[in-house]
Amino acid sequence: MDNTYSKTADALMDTDKSVILEAKHIYKTFPGTVANDDVSLELRKGEVLALLGENGAGKSTLMNVIYGLYTQDKGEIFLNGEPYAIDNPHDAINAGIGMVHQHFMLVPVFSVLENMMLGAETTKGPFLNKKAAEAKLRDLSESFGLEIDPHAIIEELPVGLQQRVEILKALYRDVEILILDEPTAVLTPQETEELFKIMRRLTERGVSIVFITHKLKEVLAVADRIIIMRRGKVVGTTTPAETDEHGLASMMVGREVILEVEKAPAQVGKVVLEIEHLNIHDNNQMHSVRDISLSVRAGEVLGIAGVQGNGQSEFVEAITGLRRYNSGEIRIDGKRMPQEKPRTLVEHGMAHIPEDRQKHGLVLQYPLTSNFVLCTYYREPFSRHGILNENEILRNAEELMERFDVRAPSPVTVAGDLSGGNQQKVIVGRELSREVSLVIANQPTRGLDVGSIEYIHKTLIEMRDAGVGVLLVSSELDEIMSISDRIAVIYRGEILAVLDAAEASREEIGLLMAGHISE
Amino acid sequence: MISKTVDKKRELSINWKLLRQVILGLVIVAAILFFNARSPEKTSAVLSSTLRYAVPLILGALCGIFCERAGIVNIGIEGQMLFSAFLSYMTNVWTGNLLLSLLVGMLTGAVLGLFLAFLSIKLKLNQTIGGTVINILATGITGYFYQTGLTTQGKLWNIPLGPLAKIPLIGPVLFNNPPITYIAILLVIFSQVLLFHTRWGLRTRAVGEHPRAADTLGVDVFKIRYWNVIIGGVMAGLAGSFLTLEGVGMFERGMTNGRGFIALAVMIFGKWNPISSALAALFFGFANAMQIQLQFMGIQIPHQFVGMIPYLLTIIVVSGFVGRSRAPAAEGIPYEKE
């Protein structure tokens, strides 16, 4: 990579760079959790400081404190050596701090220009001076190479461009410090590369960047320095030159982590799921799924790679009986399943790990006992002549909690009180403890800690080795690459290619995810 | 490439819309001229009646627009109007000072706006219930305190605008009106400019669409919401004052007669846009004027049915037959700072 040289140069200059922002001994608690426990960090001028940690490690909390969205319980923040009190984002913006939030803070029905102006309006008399604002925006676009149509409406822009608008919005406010909260979560690998280039351009202009992420590769590629957080504490500071993925991962998790999923070659059997020419129109008569034909065989994992929002949700909903499709045919074990109810599919051996575990996976207000029998409560032994057998349901819950390592105070704890990882294990336990021949897993590890991710990956591989067909949909390319035997890439509702996982490269898949078909 | 095709689509759809509007406008003008040639008195009576009926709807719709654009649902417009109508009237009875009566009406609306804002912003009460509270209070309290047999010393009179009032047809209809009517017309333009061309408007719309985004940019969501609901209250207050000071000249129990709700329909019809809503109000006003004309003409339909026309239109509009319009996204959701 061409940035190796500049990185070593930066490393040499490290000591010369002045500290622009310093947080000292920050404490922040929320009811029931300590989000930041004596956290200190310093940001130097013109550097990319990566803040690495798992979900819930307290990275975003710390940044929200610095941006004035939260107020710390204890601790101080210094800006250019001066103590600096921030009560709200307005103070932060005035102090030259900008933040690009994980969930974009753009008004969807506004134009790019209106979003720029909001909160930093230039006026001519009582009126908005849109011309001046547009000129300023065009200047910025040009000088940073961030092309954008000022009059485009946000909701009509692709996610990558929306993020560009967010960055421009910060630049529009003359920021010197830019906080990027998980900026790559919604991007293709190529868009991510592009973002990194932009980040470099910004640091060359003296902007200092805090880059919040949980992705190791990205940290190594773009950061000058790395701060690792775990459970609300800073557990280490390092540079890309001093460490590697394994080092980072074990610091992040607090123990040795196996990054690669170990798996034997697939023992492929007969076809369990066959989809032919599936078409789904969404509400606007647009195709959300376009002529998809795929098959999943017993004993293999078929991964579907793609950036979020390319029709994956609709596709999975159609095969799991949650959405009507307009044309096409779905066969399970060779049997046609025209627009079947989810229960019929379940009885034919389909297991579904849904994308939104809190909305579609669990009844959050129900105890675990009930959640474990959501698909089977009406059958023996859980129910006899229409009466539930509570003893059997309780026994089942205890057994599954043991077997799937669900950590909860008791089987009658309500599902909503569990952590994300444990919630997902409840779903996995319920779905995979039945007789299944096909597993549909949609984003099964989203938002989970590394331990739970490892566990879920291992379980999926076990299912595959036991002769079950697995369809894995994920927008995390690493997950797709490490688990799948074959990889299908979805783009705008179409499958652009199906590749053999052993031969496919990240670059190739990345390009396909962005809609480029190689000749 | 994608964004270009989107651009093209947008341009195209605007052209169609413009064309449709121009054609519609021409048809209306032609129709008015045609009827004017046949019977000038009747035409000008219908047009005047249209405007007179439309004024409280315009003001009520403006109230709704200010509230909803900032993210607060206000179904208490009816109550705000009724309360203001009552207090305007009582002030007029007691003091005979029309200007003071008008100010009391506006103030009443503002105070009720503040009340609704407090319920929905501070107490985070369900906004529909907050509005209903105002409606019930208004009917109850005004009904209880109203005594028949009160007399006033007069109502607001027409102010002809010099030579403008002498223009045939348009003059008497547009330029010879009592003050609140003029105020309403000016307020439509004022609101349109305020919402779409000023800092206040930009922030108001942002707060109604995505309050969190506005908050992260240092916009004070609560302040914007409070003030807009209060400003809306003033508009509703004016509408109430119009009824007792300018329209009827006296108070009756429940005299708003659903106008606050029709105003909401007008607002939806007008897509939360002041000028479009004013046009929608005129359309409702016209429907009402026609209804009156039909009754005069002795058509063989029971007058109750004819009288239903404006309300039927309301139902049709509210149930979404007329185009698709999108409410501000954050409407009705109390904002919680983290």
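This report describes domains, sheets, helix packing and the chain contact in a predicted model.

## Basis of the description

Residues are numbered from 1 along each chain as its sequence is written, while chains are lettered from A and ligands numbered from 1 in the order in which they are written. The model is predicted, and local features need pLDDT of at least 70, side-chain atom pairs count only at pLDDT 80 or more, and totals for chains, interfaces and linings use all residues.

## Domains of chain A

Chain A is assigned domain 1 (3-96 + 175-253), domain 2 (104-163), domain 3 (260-349 + 435-519) and domain 4 (364-434), with bounds from an automatic or database domain assignment. The centres of domain 3 of chain A and domain 4 of chain A, taken over C-alpha atoms, are separated by 26 Å.

Between these two domains, 14 residues of domain 3 of chain A are in contact with 9 residues of domain 4 of chain A; contact requires C-beta atoms, placed from the backbone, to lie within 7 Å. On the side of domain 3 of chain A that touches domain 4 of chain A, helix α16 (residues 450-465) of chain A gives the most, with 6 residues. Helices (H or I, at least four residues) and strands (E, at least two) are DSSP runs, numbered from the N terminus. That side of domain 3 of chain A divides into 8 nonpolar, 4 polar and 2 charged residues. Here Ala, Val, Leu, Ile, Met, Phe, Trp, Tyr, Cys and Pro count as nonpolar, Asp, Glu, Lys and Arg as charged, and the others, Gly among them, as polar.

## Two sheets in chain A

Strand β1 (residues 19-30) of chain A is joined to β2(A) in the antiparallel sense over 8 bridges, and Thr29(A) has Val34(A) in β2(A) as its bridge partner. Angles run from 0 to 180 degrees between N-to-C directions, with axes being lines fitted to C-alpha atoms, for helices over the stretch in contact.

An open sheet of 6 strands, with mixed pairing, has the order β18-β21-β22-β15-β23-β24 in chain A. The edges are β18 (350-353) and β24 (494-500) of chain A. Strands β15 (residues 301-305) and β22 (residues 469-474) of chain A run parallel and are joined by 5 bridges; Ala305(A) stands opposite Ser474(A) in β22(A). Helix α15 (residues 420-432) of chain A lies across β18 and β21 (438-442) of chain A, at about 175° to β18(A).

## Helix packing in chain B

The axes of helix α7 (residues 179-197) and helix α10 (residues 221-247) of chain B come within 10 Å and cross at roughly 155°. α7(B) and α10(B) are therefore roughly antiparallel to each other, a term for angles over 145 degrees. Ile180(B), Ile183(B) and Leu187(B) of α7(B) are among the residues of this contact.

α7(B) also packs with helix α8 (residues 199-209) of chain B at about 70°, with axes 5 Å apart. α7(B) and α8(B) are therefore roughly perpendicular to each other, the term for 65 to 115 degrees.

## Contact between the chains

The contact takes 24 residues from chain A and 19 residues from chain B. α3(A) provides the largest share of the side of chain A that touches chain B, 3 residues. By class, that side has 15 nonpolar, 5 polar and 4 charged residues.

Methods. Pairing = 2+ DSSP bridges. Parallel < 35°, antiparallel > 145°, perpendicular 65-115°, else oblique.
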